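Please read the following report alongside the sequence and the coordinates.

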Amino acid sequence: MTTLDTVDVLRKSRVVFIEGGQGVGAHLNTLGIHVGDQLEVVERAPFRGPVLVQINGTRLALGRGVARRVRVEEINDRPAAREIRVSQA
Amino acid sequence: MRFLLAGQPNSGKSTIFNAIAGYRAATANFPGSSVSYTLSRALIHGREVDVVDLPGMYSLSSVSPEAGEAVRYVAEEDWDLIINVVDASRLERSLELTLQLLQLERPMVVALNMMDEAERHGMKIDVEALAKSLGVPVVPTVGRRGQGLKGLFRTALQAAHGGSAAGTGCFDKEVQTAVAQVQDLLEDAGFECRLPTKLVATKVLELDPYFTEKVRQSAPQVENDIDSIVERLQETHGWSADQVVSGCRHAMAHTIWDEIGELGRPKVGWRERVDRLLLHPWTGGPLMVLILSAVFYTVFGVGQLLEAPLVGWFDGIQAVLEGRFPPETLVGALLSGIFLGVAGGLTIVLPYLLPFLIALSVLEDSGYLPRMAYILDNLMHRIGLHGKSVLPLILGYGCTVPAIMATRILESKRDRRITAALASFIPCSARTIVVYGLVAAYLGPLWALGIYLLNLLVIMVIGRVLSRFLKGRSPGLILEIPNLALPTANTMFAKTWLSLKEFLVIAWPVLVVSSIVLGFLEYFGAGAFLNAALTPLTVWTLGLPAAVGMTLIFGVLRKELTLVMLVQAMGTNRLDQVLTTEQLVVFTLFVVFYVPCAATIAAMARELGWKDTAWISGLTVVVALALSVAARFVFAVV
């Protein structure tokens, strides 16, 4: 189990728990992030910047502080996209 | 008859609104571009209909201020039908709002907008099945190209006379029981509301501030009972009640999507490739600097190209005019006032304003602004804000008034106050004209760029200081990144025209009238008196000619006035012949920073209250003075 700010880029994962007060949870809910949803981090800005999350065809920018509150588990049923790319190369 | 356009942010409500009402609502490619509603009367199939463009809302919830505005409108105003505008390429998520709107149990039509985007994403949507599942008509549209809009409004007219939507869908058993219990409590307590009690009950379970307050006002005796129902729901699920309800809705939307939609392979085109570069950790930042510099130099280049011939032309006319009516006579003073007002607007303001507005509309419509918010999030954290504040700040380069309105997209009051304060320091297009028209035109573009960079530096310092003093919660960046889009020529021109019209209809007349007033004041010698009274500021502190005193007073009305008035006060278009480099820089610095214009003060008072407005305005004067004096010092040393 890890959080969205540290999970591997381009690895599919599933939301397990959203920490924090009502504000952040509700806000993430309305933008389409719920417990149980599958998502992946597609880009991570350098110097502890925000992460870019792809979920249900939508992309969301989440600040590191917000990303840290979203606990996820990696889905290991298939290798991450990056590994496929490496093996093809 | 009144139709409401309601939907999630960036689903294209304003685009559809403009297509039938003429270009009235400013559109842009980022979530939250409309923060208040716009109303217009339109003729639809021979019937007069009021159409209201509501601000976007992700959920029928009043947690954020701009969505709160939409919720309040839906709950309290009179209307006949809702057109729920849905971004088809984000259908599953959009359905969560649709399900809530259905609970209003009023006539409704779904506009399945951005069908072209959905196709690019490789999505297949069974429109008929969707309509059947929701129980309301669904019309596919592409708002940007006007496709399907005729059919949409025809369907809406028919539906407005037909039956109401039934609040379809069912929550899981525990939520349903909880909703029913709250509903019973409310009904027994004689709770009265224009909205269905079931909807209110659901919203109360979600702890929505607007509806909770409604209940507290008209049925305070049930509050404790409701609290215990909420607690029970939280205990059985282990999450907060609002997450439980929202999770249920999410599951319902997912079920509907599973039945009617199919996800294929998305197309990867140039937009996706460009986007990768724009957001890449290594290339994103440098590309942003490149893009912004390109905007700066293009505006400057085009402005120079337009300005030179216009100035020469008007100089000729002025010489003839002054030969025939000398400015020492009353008629001469009047005529030269009118002439300089008109000419100032045309020769100095328009050449830079026009390319600037076009460039800004390209930035807005392409969807680049939210990407800037992503890239700059880190930097914004250093001044105690987060990336979302970038949106109002960038809008501030156009005009400070919409920038201050746009602070509504920020979730916390603290962030709104700091961002509004900082936005008032951003040089708006009027101040940009002064920077371009004085500093860039006479001293070269690098000087102007220097002023912009200095401005950014000062803003960062002020932001840091303010965030130390203003305590409060800052939730961090949560922002949807829309797809990149090529701005269409139509929207670009319509939008530029909307802003330009503002200048032509409001600012230009003010310019001309002020110019005439200035002419008279000078003729009767009152100008000299006022200028003399201001010498402690103008001459002693800023080291400028006494004649600029009046221009600074007029500048509070509109900042463009300072430049045009300066032309008149100095009696020449060639300001570099009467002002030194130091004076040009000091004047510009002072104008860029001191008190925002009257319209901004009014907007700020509306959004933040008079107390904040007073200290922010005071702060701007202090900063303007400090910088101007510092600039004089630097010039003296170098």
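## Sheet order and edges

In what order do the 6 strands of the open sheet in chain B stand? In this predicted model, the order is β2-β3-β1-β4-β5-β7 (chain B), and the pairing within the sheet is mixed. The edge positions are taken by β2 (38–44) and β7 (138–140) of chain B, each of which has a single partner strand, so one side of each is left without a neighbour in the sheet. On average, and with direction ignored, neighbouring strands of this sheet are turned by 25 degrees against each other.

## Strand β4 and its neighbours

Strand β4(B) runs parallel to β1(B), to which 5 bridges join it, and F3(B) stands opposite L81(B) of β4(B). Strand β4(B) also runs parallel to β5(B), here with 6 bridges between the two, and V86(B) has L112(B) in β5(B) as its bridge partner. Between β4(B) and β5(B) the chain passes through helix α3 (residues 91–102) of chain B, in a β-α-β crossover that is right-handed.

Are the residues of β4(B) buried or exposed? Strand β4(B) is mostly covered, with 7 of its 7 residues buried. In a regular strand the side chains alternate between the two faces of the sheet. In β4(B), L81(B), I83(B), V85(B) and D87(B) point one way, whereas I82(B), N84(B) and V86(B) point the other way, and all of these residues are buried.

## A helix across the sheet

Helix α1 (residues 13–21) of chain B lies across several strands, namely β1 (2–7), β2, β3 (47–53), β4 (81–87) and β5 of chain B. Its direction is at about 50 degrees to that of β2(B).

## Cysteines

How many disulfides are there over all chains? With a disulfide taken as a pair of cysteine sulfur atoms within 2.5 Å, the count over all chains comes to 0. C428(B) is accordingly in no disulfide, and the nearest cysteine sulfur, that of C399(B), is 6.2 Å away.

Two cysteines of chain B can also be described by their accessibility. C428(B) has a relative accessible area of 8% and is therefore buried, because buried means under 20%. C193(B), at 32% relative accessibility, counts as partly exposed.

Notes
Residues numbered from 1 in each chain as written. Chains lettered and ligands numbered in written order. Predicted model: local features only at pLDDT ≥ 70, side-chain atom pairs only at ≥ 80, totals over all residues. Heavy atoms only, no water. Pairing = 2+ DSSP bridges. Helix = DSSP H or I, 4+ residues; strand = E, 2+ residues; numbered from the N terminus. Axes fitted to C-alpha atoms, helices over the stretch in contact; angles between N-to-C directions. Contact = heavy atoms within 4.5 Å. Buried < 20%, exposed > 50% of the residue type's maximum accessible area, 1.4 Å probe, protein only. Right-handed = clockwise from strand over helix to strand, strands pointing away.
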